[in-house]
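The following note sets out points for a colleague who is examining the model. Each point takes up one region or one overall property.

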Amino acid sequence: MGSLFRSEEMALCQLFLQSEAAYACVSELGELGLVQFRDLNPDVNAFQRKFVNEVRRCDEMERKLRYLEKEIKKDGIPMLDTGESPEAPQPREMIDLEATFEKLENELREVNQNAEALKRNFLELTELKHILRKTQVFFDEQEGGVNQTTESMTRALITDEARTAGASMGPVQLGFVAGVILRERLPAFERMLWRACRGNVFLRQAMIETPLEDPTNGDQVHKSVFIIFFQGDQLKTRVKKICEGFRATLYPCPEAPADRREMAMGVMTRIEDLNTVLGQTQDHRHRVLVAAAKNLKNWFVKVRKIKAIYHTLNLFNLDVTQKCLIAECWVPLLDIETIQLALRRGTERSGSSVPPILNRMQTFENPPTYNRTNKFTKAFQALIDAYGVASYREMNPAPYTIITFPFLFAVMFGDLGHGAIMALFGLWMIRKEKGLAAQKTDNEIWNIFFGGRYIIFLMGVFSMYTGLIYNDIFSKSLNIFGSHWHLSYNKSTVMENKFLQLSPKGDYEGAPYPFGMDPIWQVAGANKIIFHNAYKMKISIIFGVIHMIFGVVMSWHNHTYFRNRISLLYEFIPQLIFLLLLFFYMVLLMFIKWIKFAATNDKPYSEACAPSILITFIDMVLFNTPKPPPKRCETYMFFGQHTIQVLFVLVAVGCIPVMLLAKPLLIMQARKQANEEVQPIAGATSDAEAGGMSNGGSHGGAGGHEEEEELSEIFIHQSIHTIEYVLGSVSHTASYLRLWALSLAHAQLAEVLWTMVLSIGLKQEGPVGGIVLTCVFAFWAILTVGILVLMEGLSAFLHTLRLHWVEFQSKFYKGQGYAFQPFSFDAIIENGAAAAEE
């Protein structure tokens with residue numbers, strides 16, 4: 001059986017590589033992506049391995065590349081991405097790469113430092129320019145006739161003793177300081193000045209209208225100019241300390257107007273010169289970054305490949321001569337020749353004359369599970385692996401899930417219109433998948449949708465099919481083939497009467513509808529729900545029982561493949577018999593009832609005589625005698641039904657002790673026989689104790705080599721499995737009724753939206769009606785997509801996932817393996833790019 005239905009056969013191989021050729025050979029294997037290496041130095045510290053220095057050099061190169069990438073993104077420069085993956089460079093090329101990255105980093109850091117220094121100088125000159133302008137306004141006000149204000153300010157700042165002394169010495173000269181402070185710190189700064197100087201200072205401030213650039217981080221900040229008048233050196237010292245505490249910048253400001261004008265002219269000249277130098281510096285920085293952006297993606301790929309190779313080489317062992325590297329790896333059996341060709345290419349590239357040696361080893365370890373997938377099957381395999389990775393060579397549910405998953409989803413989501421919306425969305429993602437895949441995004445929801453595009457498309461297509469079967473499109477019906485019912489009601493009765501019922505005796509032609517449901521059920525208000533309810537409930541049970549039987553049949557393939565004769569005879573056969581005699585028999589009763597009983601028939605096979613399947617099944621299990629039917633009605637649906645039902649129940653109940661005791665007793669007998677004969681009977685013991693999955697040497701040379709399980713544990717485990725299967729058969733059958741419940745809920749919710757939203761717009765007439773209909777239709781469309789397609793679709797998806805994980809896969813799938821994770825450059829680069837984006 002192909003690897004689509006089982007995982008690939010794996011082999012544990014030992015690889016001998018010459019030291020000079022090891023790098024090139026591992027590089028070829030990384031491009032191939034078919035080899036999973038094992039760590040042969042698990043107890044050796046990561047810092048004590050042979051190639052730790054090379055890994056550190058790669059880490060340093062990656063750090064420099066991340067720095068370059070950060071600067072490139074800061075300037076908004078697009079990075080060239082050709083989509084091609086360059087080959088891993090040779091070890092000697094590492095020196096050139098290191099030199100290139102070192103030169104770029106040093107040059108960029110030097111340019112950034114110079115630019116920061118120039119910006120800081122530019123900021124200081126700009127602040128000084130604003131100080132000279134604002135203080136000029138302050139002094140112009142003083143000289144322009146605001147002497148009263150100046151005199152009152154002087155009187156406020158001079159004490160009584162100073163005023164008395166000043167009367168004899170002449171006018172008092174006030175000192176001042178000018179500076180710039182962040183606008184949000186100004187209120188606290190003003191309060192501190194007032195309290196610390198006890199009101200003996202005078203503060204004037206003015207806002208700088210345009211924001212200034214902080215040279216450290218490039219943020220835009222808002223600042224204000226201030227000037228503080230005071231009297232005496234003591235207050236001057238105190239004011240300067242307060243300015244220093246609030247990180248205000250003080251600038252020299254001449255007292256004479258001529259000096260201020262001269263300084264302002266010099267500042268403007270220097271600002272113009274700085275603008276020129278800053279522009280040239282930014283142009284040079286931009287040129288450096290543009291040149292780096294062209295090769296940055298390829299550099300990242302090369303460095304990550306080199307690092308991955310050396311990290312893999314650290315998993316190898318050195319032989320005693322230090323000239324050969326020894327590795328152990330898991331490889332797919334079918335790809336051994338391809339791997340050997342890759343090793344040969346690597347040896348030729350390195351110029352080595354010693355060919356590599358790949359030996360297959362015998363082992364008792366369980367190999368990893370490797371299921372080959374393509375872009376179509378990958379999403380379905382991911383659904384299975386989310387439950388648990390398959391055990392080695394276990395039957396893979398993914399191929400069957402491709403059909404059963406969208407079909408069971410569609411049973412719950414059956415609507416031609418909603419299915420078309422979903423199918424078109426999936427088809428759009430499939431048609432644009434190359435462009436969408438290239439546009440990497442951090443949006444997890446979009447990544448989930450895009451990864452499951454084929455699932456979405458199939459779910460939409462299957463929903464369109466079931467929508468045709470239900471004859472349901474946005475809660476309305478399609479009248480393609482006319483109707484096979486002929487009603488005697490007039491138009492007003494049909495449109496106004498809410499309690500219409502279809503009578504099969506007089507209104508039905510007797511011929512089945514060509515495809516799906518008759519559209520007349522759309523106007524059968526009274527018994528429409530009753531008809532749909534009975535129909536969907538029964539098909540849910542039918543699909544559920546068939547799905548579970550298929551799961552049990554799948555376990556037969558596992559038992560036969562692993563030659564597990566005891567599990568085949570004493571687990572699979574009783575389980576299948578139990579399920580067929582009880583639940584499949586109930587399905588047969590449904591078909592018998594559909595075929596034999598009809599509303600148009602006369603007694604004893606009329607509609608009034610039709611028995612309830614549920615009551616019949618309960619009476620069958622409890623050995624109850626059915627209640628007497630109405631006159632002229634048959635008690636049973638066919639001859640000998642009671643005898644057959646009693647026999648079926650007895651046989652089904654008899655299967656329970658077989659499932660419970662046969663396997664543990666046979667294992668106990670085999671062990672007892674082995675102990676008596678001294679020499680263990682390998683065949684019988686392995687056959688008896690392979691209760692789960694044991695792999696023979698013919699399947700990859702690996703098998704389940706585990707310690708002998710205690711008999712008490714075997715009995716307990718078998719009891720748990722038997723009870724779980726018997727009770728689960730009942731609960732799992734009932735669980736499939738969610739197909740019926742969600743289908744009815746989806747149809748009713750669509751009808752509510754049509755009746756309470758869209759029909760309001762359809763009833764309006766005239767030009768106003770057109771406007772109202774447009775608005776109502778937009779609202780209805782939003783609710784339809786948001787609630788019925790997205791929310792109801794997600795609900796149906798989760799319920800379908802549960803039916804596959806629990807009801808279907810529990811019959812045969814253990815999922816106790818571990819995934820095959822080959823050394824692959826593609827996976828490493830993809831994961832590295834995702835980590836860098838985060």
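Helices are DSSP runs of H or I with at least four residues, strands are runs of E with at least two, and both are numbered from the N terminus. The model discussed here is predicted.

1. Val-552. This residue belongs to helix H19, which spans residues 528-561. Its relative accessibility is 0%, and Val-552 therefore counts as buried. Apart from neighbours within four places in sequence, Val-552 is in contact with Phe-572, Gln-575, Leu-576, Leu-579, Tyr-725 and Lys-811. For one of these, Leu-579, the C-alpha atom is separated from that of Val-552 by 8.9 Å, while the two residues are 27 apart along the chain.

2. Overall form. The protein contains 27 helices and 11 strands. Its radius of gyration is 42 Å, whereas the globule rule gives 28 Å for 838 residues; the protein is therefore more spread out than a compact globule. Along the principal axes, the C-alpha atoms fill a box of roughly 140 × 95 × 50 Å.

3. Burial, surface and contacts. Of the 838 residues, 44% are buried. When contacts between residues at least 6 apart in sequence are considered, 82% of them join residues at least 24 apart.

4. The four-stranded sheet. Four strands make up an open sheet with antiparallel pairing, in the order S4-S7-S3-S8. Strand S4 (202-207) and strand S8 (249-251) are at the edges; each has a single partner strand, so one side of each is left without a neighbour in the sheet. From one strand to the next, the twist averages 25 degrees.

5. Pairing of strand S7. How many bridges join strand S3 to strand S7? There are eight, between residues 175-182 of S3 and residues 223-230 of S7, and the two strands run antiparallel. Within this pairing, Val-177 has Ile-228 of S7 as its bridge partner, and Ala-178 stands opposite Ile-227 in S7. Strand S7 also pairs with S4 in the antiparallel sense, over six bridges. Here Gln-205 stands opposite Phe-226 in S7.

6. Cover over strand S7. Are the residues of S7 buried or exposed? Eight of its eight residues are buried. In a regular strand, side chains alternate between the two faces of the sheet. On one side of S7 are Lys-223, Val-225, Ile-227 and Phe-229. On the other are Ser-224, Phe-226, Ile-228 and Phe-230, and both sets are buried, leaving both faces of the strand covered.

7. Helices against the sheet. Helix H6, residues 186-196, lies across S3, S4 and S7 and runs at about 10 degrees to S7. Helix H7, residues 233-245, also packs on the sheet, where it touches S3, S7 and S8. The direction of H7 makes about 165 degrees with that of S7.

8. Ser-352. This residue is located in the loop between helix H10 (336-350) and strand S11 (357-361). With 16% relative accessibility, Ser-352 counts as buried, because the cut-off for that class is under 20%. A polar atom of its side chain lies 3.3 Å from the backbone nitrogen of Val-354. Leaving aside neighbours within four places in sequence, the contacts of Ser-352 are Gln-18, Ala-21 and Thr-347.

9. Ser-475. Although Ser-475 is not a glycine, its phi is positive, at about 75 degrees. Ser-475 is placed in the loop between helix H16 (453-470) and helix H17 (491-496). Its relative accessibility is 4%, so Ser-475 counts as buried.

10. Phe-623. Phe-623 lies in the loop between helix H21 (613-622) and helix H22 (641-676). Its relative accessibility of 42% means that Phe-623 counts as partly exposed, whereas Ser-475 counts as buried.

Methods:
Residues numbered from 1 in each chain as written. Predicted model: local features only at pLDDT ≥ 70, side-chain atom pairs only at ≥ 80, totals over all residues. Heavy atoms only, no water. Pairing = 2+ DSSP bridges. Axes fitted to C-alpha atoms, helices over the stretch in contact; angles between N-to-C directions. Contact = heavy atoms within 4.5 Å. Rg over C-alpha atoms; globule rule 2.2 N^0.38 Å. Buried < 20%, exposed > 50% of the residue type's maximum accessible area, 1.4 Å probe, protein only. Polar contact = N/O pair within 3.5 Å; in protein donor to acceptor, adjacent residues only side chain to side chain.
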